[in-house]
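Try each task before you read its solution.

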Amino acid sequence: MGKELDEFFSKTQDVKVLCLLHSAGSGKTTQTRNRILMQEGKHIVLYMATRKVLVDREYKRLKDLRDALEGNGKGIDPRDNEYIKVFEYLKNSNKSIGLVYEKRQDSKSKYVENIGDTYRNLSANSGILKRTVEQILNLIGKKDIIWAFCTQQALVESQYGKATSEHLKKLASRRITDQYTFHIILDEFLGHSNGLYAIEQMFDFLEKVKEKGGRANLYLFDANGYSPAILKKLLEEYGEFKVVPKSLVIADFKEEEDFKHKDIEVSVRAKHGYPSPKIIVKRKFLFVDEVKKFEEVKEELANRIAGYIKHTFKDKHSQTAFLFLQSKELLAMLKTRLEDEGFSCLVATADSRKSQDRINQGNEDIILSTSALSRGIDLSRPHKPINKIYAIIMDFGIESNLVEMIQAISRARGDEETEKNPKELHLVYPIHPQWDSLIERILEYEPKADEQILRLMITKHTLNQKLLLDKVVFGIVEQFVKSGKEKVLVPLPTQYATRYIPNEVANIEGFLSFLENIIPFVEDKEKKEKVEKLYNTLLSAIFVSAVQIDFKKEFEYYHPYILFEKQ
């Protein structure tokens, strides 16, 4: 990693791009940050990531450094030798740091203006990127290093077709380009659907800086890219079609590739490798016993999974187990069952994020997670390494959840010592009982069929499907944990430009989704009832009845769900 960054910074081009596709947890962000801070001259840095937790973490690192330079706060970790080196350099060179981190503003206005058939909010708030640029402009000439933060989702088109990235062009004036070097970081850029759109917008900004004779570097990081050969192809396809569908691509692996995009040199580097010399894959097919009610299936499944973990995870005092499951409701049940079996648990989901310190320095026996930990979180636990990984594979479309599962596997790292130990990966496949209603429906069409033979045929078909699913999953995992030679498997999420249309109902929907996700984890019965009541009240509030709609007249409706009943 260090070699690639040194090579990039030594290049003489004023405007250039570096894309690092190294494995998860390899230090792409940390090492790049340290090198930018130790560059001579003045700098403007815009750090963008697809998860707010990444942006918050990066902001905290820079804030701690700034506070230490100004003699405030608790300072920086004395064990972090690299950061101490950065601190000493900045202190000796008398450099000042200014930070910009604009958050989303909620509308405070109670007044609206009537325009034709619509009402407009009179105090519409300016966007995050616009306010970020304004704050950067305020710090020009006052600070040597200006470091701004926002999520990649801030890069959108407005409802009128104008891109929010247009605001960045205010920074590309000769007055600023003569003083400052620009650094734009897109961290985990494939983690949101606008990743390739964001890259295109940043290339447009680099062109503006180039026209003014300025200096700018663009850094693209993603642990899911795997092969440098893929980026050039993606940029070409997106440039032509403006959309890339979700797919699994088998690509030739190269450790490096250089090409030009929009007449700007792009260096792509990758080092792919699973952090363990050996991985032992074990399969478990869990037959869920028949239950009287459908609701009891999840409870029975939670009992079976907890029983399997108890049977296979014997060294909880010296190791941590990592369990990956794409169902929050089942995850909550499983946490209770595991605690009943004497295990201490840490649940980390998108709506219940524990601090990075808790993950790294905690002593819980099992970390349970959904896809929330699949991007940007470091699962290093040198004192109690993660050497057992349980992936519960439900009956989902494997291709849609594959990225999360692969990322979850790669996150289970330790330090150099613990990564010398082999890891166990347990692929757990639940097999649900047959429902009498299914047999009854078949017998309605084939009344003469033998019910016993029918049950055996369905059982055989189910088992064959599970074995086929296991063959696919195992092949994918095997391909992923190879050291990255010849061919590599690249899981690509859907990519397209995002258009922002103000929609109050969508804001409520986001909050409803949050409430729905946390309900299973509220342990206090009274509080749980209150959260459920709030959820149901808000849910009923977003439905409006409209009668006698005249379809001959044109009208626009921006909400994604609309139902028409007979008039």
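**Exercise 1.** With which residue does Glu 526 form a salt bridge, and how far apart are the closest N and O atoms?

*Solution.* Before starting, note that this is a predicted model, where local features need pLDDT of at least 70, side-chain atom pairs count only at pLDDT 80 or more, and totals for chains, interfaces and linings use all residues. Residues are numbered from 1 along each chain as its sequence is written, and side-chain values use heavy atoms, with hydrogens and water left out.

Step 1: apply the rule, in which a salt bridge is a side-chain nitrogen of Lys or Arg within 4 Å of a carboxyl oxygen of Asp or Glu. The partner is Lys 530, and the closest N and O atoms are 3.8 Å apart.

Step 2: Glu 526 and Lys 530 are about one helical turn from each other because they sit four residues apart in helix H16 (residues 525–541); helices (H or I, at least four residues) and strands (E, at least two) are DSSP runs, numbered from the N terminus.

Step 3: check the surroundings. Both Glu 526 and Lys 530 are exposed, where buried means under 20% relative accessible area, exposed over 50% and partly exposed in between (1.4 Å probe, protein chains only).

**Exercise 2.** Find the salt-bridge partner of Lys 388 and describe where the two residues lie.

*Solution.* Step 1: the partner is Asp 315, with 3.7 Å between the closest N and O atoms.

Step 1: the two are 73 residues apart and link distant parts of the chain, with Lys 388 in strand S17 (residues 386–392) and Asp 315 in the loop between helix H9 (296–312) and strand S14 (320–324).

Step 2: Lys 388 counts as buried at 7% relative accessibility, whereas Asp 315 is partly exposed at 26%.

Step 3: widen the view. Lys 282 and Glu 424 join Asp 315 and Lys 388 in a network of salt bridges.

**Exercise 3.** Which strands pair with strand S2 (residues 42–49), and in what sense?

*Solution.* Step 1: use the rule that two strands pair if DSSP finds at least two bridges between them. S2 runs parallel to strand S7 (residues 180–187) over eight bridges, and Lys 42 faces Tyr 180 in S7.

Step 1: S2 also pairs in the parallel sense with strand S6 (residues 145–151), over seven bridges. Here Leu 46 is opposite Ala 148.

Step 2: look at burial. Seven of the eight residues of S2 are buried, so the strand is largely enclosed by the rest of the structure.

**Exercise 4.** Which residues have the most contacts inside the largest nonpolar core?

*Solution.* Step 1: a nonpolar core is a set of buried Ala, Val, Leu, Ile, Met, Phe, Trp, Tyr and Cys residues joined through side-chain atoms within 4.5 Å. The largest one has 57 residues, and Leu 186, Leu 218, Leu 220 and Leu 231 have the most contacts inside it.

Step 1: helix H7 (residues 195–211) gives the most to this core, with nine residues.

Step 2: Beyond its neighbours within four places in sequence, Leu 218 is in contact (heavy atoms within 4.5 Å) with residues including Val 17, Ile 184, Leu 186 and Phe 203.

Step 3: find the other core that lies apart from it, with 29 residues, among them Val 55 and Tyr 219.
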